[in-house]
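Subject: Structure handover and notes

Hello,

Below is the structure I said I would pass on. My notes on it follow, with the cut-offs stated where a term comes up.

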Amino acid sequence: MLAIVIGVAVGIYSAIRQYSPFDYSFTSISFLGFAMPVFWLALVLQILFVDIYNHWHVRVFYTSGLNTVPGGPAWSLDRAQHLALPVMTLFVVSFALYSRYMRASMLDVINSDYVRTARAKGVRERKVVMRHVFRNALIPITTVAALNVGGLLGGAIVTETVFTLDGMGAYFVRALGQGDTYEVMAYLLVAAVIIIVFNLIADITYGFLDPRIRYD
């Protein structure tokens, strides 16, 4: 969710300010995000924050495990400190994907005939961008977000393993290592259902984003 919200916002601003220093900066950041494997980024973040703790004895984020007994504000803070680095790992990779797709989609729509017509009629630029450009540019992003759910589950397997967190990814790795066929099949079934459901949601969302799309 963080990657979608921030990636879409950055993509919109980069398209509006095409070839600006902001656009060049986030284009470079996005390319770095594409180039970094999930496991490598996770290990780098672990090394960085362990090094901070060893030098200054400041515990900003935890780098593995989650063993605090649930309940109370202390547990919430402890959980946030444990989940910050895994969330950051998955965010960087997904942010690069969404920001680049949103920028490309915005640039494709912003040069359309109906956008030029709206500007010629004297419609305010903010209204042109948000009502005419942004809404139509969301259609490719909706497709990418739905398809990315499968990639997110795959990335979570690596991330949970590196950060030693209990979750679906760690469950799958343990079952695979133990050769438990039924547990592996259960994980794959759940993952397949999630991907199908999100693709169905994407198909329904198309009708709200573009009035020309109707399902009879």
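Buried means under 20% relative accessible area, exposed means over 50%, and partly exposed is what lies in between (1.4 Å probe, protein chains only). This is a predicted model, so local features need pLDDT of at least 70 and side-chain atom pairs count only at pLDDT 80 or more, while totals for chains, interfaces and linings use all residues. Residues are numbered from 1 along each chain as its sequence is written, and side-chain values use heavy atoms, with hydrogens and water left out.

Overall layout

The chain has eight helices and zero strands, giving the pattern α-α-α-α-α-α-α-α along the sequence. Helices (H or I, at least four residues) and strands (E, at least two) are DSSP runs, numbered from the N terminus. The C-alpha trace spans about 60 × 50 × 35 Å along its principal axes. Of the 216 residues in the chain, 37% are buried. The accessible surface is about 13,200 Å², with 68% of it belonging to carbon and sulfur atoms; areas come from the Shrake-Rupley method with a 1.4 Å probe, and for residues only the protein chains shown count as cover. A contact means heavy atoms within 4.5 Å. Among contacts in the chain with a separation of 6 or more, 65% are between residues 24 or more positions apart.

Aromatic pairs

Rings of Phe, Tyr and Trp (its six-membered ring) pair if their centres lie within 6.5 Å; planes under 30 degrees apart are stacked, over 60 edge-to-face, and the rest tilted. The structure holds seven such pairs. In one of them, the rings of Phe-22 and Phe-26 have centres 4.5 Å apart and planes at 40 degrees, so the pair is tilted. Both residues lie in helix H2 (residues 21–35), four residues apart, about one turn of the helix. Phe-22 is partly exposed at 27% relative accessibility, and Phe-26 is partly exposed at 23%.

Another pair is Phe-49 and Phe-61, with ring centres 5.3 Å apart and planes at 65 degrees, so this one is edge-to-face. The pair links distant parts of the chain, with Phe-49 in helix H3 and Phe-61 in the loop between H3 and H4, twelve residues apart. Phe-49 is buried at 13% relative accessibility, whereas Phe-61 has a relative accessible area of 24% and is partly exposed. Ring pairs also join Tyr-13, Phe-22, Phe-26, Phe-91 and Phe-95 into a cluster.

Salt bridges

A salt bridge here is a side-chain nitrogen of Lys or Arg within 4 Å of a carboxyl oxygen of Asp or Glu. By this rule there are four. One of them joins the side chains of Arg-103 and Asp-23 (2.8 Å, N to O). Arg-103 lies in helix H4 and Asp-23 in helix H2, so this pair ties together parts that are 80 residues apart in sequence. Arg-103 is buried at 12% relative accessibility, and Asp-23 is buried at 2%.

Asp-113 pairs with Arg-116, their closest N and O atoms being 2.4 Å apart. These two are three residues apart in helix H5, about one helical turn. Asp-113 is exposed, at 55% relative accessible area, and Arg-116 is partly exposed, at 46%. Glu-125 forms a salt bridge with Arg-119, with closest N and O atoms 2.8 Å apart.

Two buried residues

Gln-46 sits in helix H3 (residues 38–56) and is buried at 15% relative accessibility. Its side chain reaches the backbone oxygen of Thr-63 at 2.7 Å. Leaving aside neighbours within four places in sequence, Gln-46 is in contact with Thr-63, Val-162 and Phe-163.

Ala-118 is in helix H5 (residues 113–120) and is buried, with a relative accessible area of 5%. Ala-118 and Ile-157 are 39 residues apart in sequence and 47 Å apart in space, C-alpha to C-alpha.

Helix H7

In helix H7 (residues 168–178), the residues Gly-169, Ala-170, Phe-172 and Ala-175 are buried. Just after H7, Gly-179 takes a positive phi of about 70 degrees.

Regards

How values were computed. Polar contact = N/O pair within 3.5 Å; in protein donor to acceptor, adjacent residues only side chain to side chain.
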